Amino acid sequence: MTVMYRITANESGTRSIEISEENLQTIRKYGLFQFLFDSSGIVTETVLEKLRLNLRSMLTSGADKDLVDLCIDVVFHSDMKALGLSNLLALFREWSAANPETAEEQK
């Protein structure tokens, strides 16, 4: 059974995106949030576009199913905006703290 999380995608809270454990593992595997944010740490639409451009580049050079699923289900989701990315980052940090990388994953 896959663990699912839900992040709020808009200010009013009427839109949300489901995030799977596999999505979070894929973010970690590819280091997608590493070097994505500037020193302010503020998530803007520009940051979301930078992530999307990075992912498009990765997809063109060949990608596994998990990365494609992350793109389709989360990052390129029609409801994903800067607030959604900010909430995804917060979820990822919380999940990472509860699920530290193993020595094998760090290779």
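Helices, as I use the word here, are DSSP runs of at least four residues, numbered from the N terminus. With that in hand, I looked just after H1 and found Gly 31 with a positive phi of about 60 degrees. A reminder to myself: this is a predicted model.

**Entry 1**

I stayed in the loop between H1 and H2, where Phe 35 is found.

**Entry 1: aromatic rings**

Next I looked for rings that pair up, and I found 3 aromatic pairs. I picked Phe 33 and Phe 92, whose ring centres are 5.5 Å apart. Their planes stand at 85 degrees, and over 60 counts as edge-to-face, so that is what I call this pair. Phe 33 sits in the loop between helix H1 (21-30) and helix H2 (45-60), while Phe 92 belongs to helix H4 (residues 82-98), so the pair ties together parts that are 59 residues apart in sequence. Are these two buried or exposed? Both Phe 33 and Phe 92 are buried. I then followed the ring pairs onward and saw that they link Phe 33, Phe 37, Phe 92 and Trp 95 into a cluster.

**Entry 2: H1 and what covers it**

I listed the buried residues in H1 and wrote down Glu 21, Asn 23, Leu 24, Thr 26, Ile 27 and Arg 28. What covers them? The cover includes strand E1 (4-8), strand E2 (16-20), H3 and H4.

I took a closer look at H1 with H3. Their axes come within 9 Å and cross at roughly 120 degrees. That angle makes H1 oblique to H3. The crossing is left-handed. From H1, the contact uses Asn 23, Thr 26, Ile 27 and Tyr 30; from H3, it uses Asp 66, Leu 67, Asp 69, Leu 70 and Val 74. Sorted by class, I have 5 nonpolar, 2 polar and 2 charged residues here.

**Entry 3: H2 against H3**

For H2 and H3, I found axes that come within 11 Å and cross at roughly 150 degrees. Angles over 145 count as roughly antiparallel, so I describe H2 and H3 that way. H2 passes H3 in a left-handed crossing. On the H2 side I noted Leu 48, Leu 51, Arg 52, Leu 55, Met 58 and Leu 59, which meet Leu 67, Val 68, Cys 71 and Val 75 in H3. By class, this contact has 9 nonpolar, no polar and 1 charged residues.

Where does Asp 79 lie? I found Asp 79 in the loop between helix H3 (65-75) and H4. Its relative accessibility is 17%, and the cut-off for buried is under 20%, so Asp 79 counts as buried. Leaving aside neighbours within four places in sequence, Asp 79 is in contact with Ala 9, Arg 15, Ser 16 and Ile 17.

Glu 45 lies in helix H2. Glu 45 has 43% relative accessibility, so I wrote down partly exposed. Not counting residues up to four places away in sequence, Glu 45 touches Lys 81 and Ala 82. Finally, I checked Glu 45 against Thr 60: they are 15 residues apart in sequence and 23 Å apart in space, C-alpha to C-alpha.

Key
Residues are numbered from 1 along each chain as its sequence is written. This is a predicted model: local features need pLDDT of at least 70, side-chain atom pairs count only at pLDDT 80 or more; totals for chains, interfaces and linings use all residues. Side-chain values use heavy atoms; hydrogens and water are left out. Rings of Phe, Tyr and Trp (its six-membered ring) pair if their centres lie within 6.5 Å; planes under 30 degrees apart count as stacked, over 60 as edge-to-face and the rest as tilted. Helices (H or I, at least four residues) and strands (E, at least two) are DSSP runs, numbered from the N terminus. Buried means under 20% relative accessible area, exposed over 50%, partly exposed in between (1.4 Å probe, protein chains only). Contact means heavy atoms within 4.5 Å. Axes are lines fitted to C-alpha atoms, for helices over the stretch in contact, and angles run from 0 to 180 degrees between N-to-C directions. Angles under 35 degrees count as roughly parallel, over 145 as roughly antiparallel, 65 to 115 as roughly perpendicular and the rest as oblique. A crossing is left-handed if the near helix is turned anticlockwise from the far one by less than a right angle, and right-handed if clockwise. Ala, Val, Leu, Ile, Met, Phe, Trp, Tyr, Cys and Pro count as nonpolar, Asp, Glu, Lys and Arg as charged, and the others, Gly among them, as polar.
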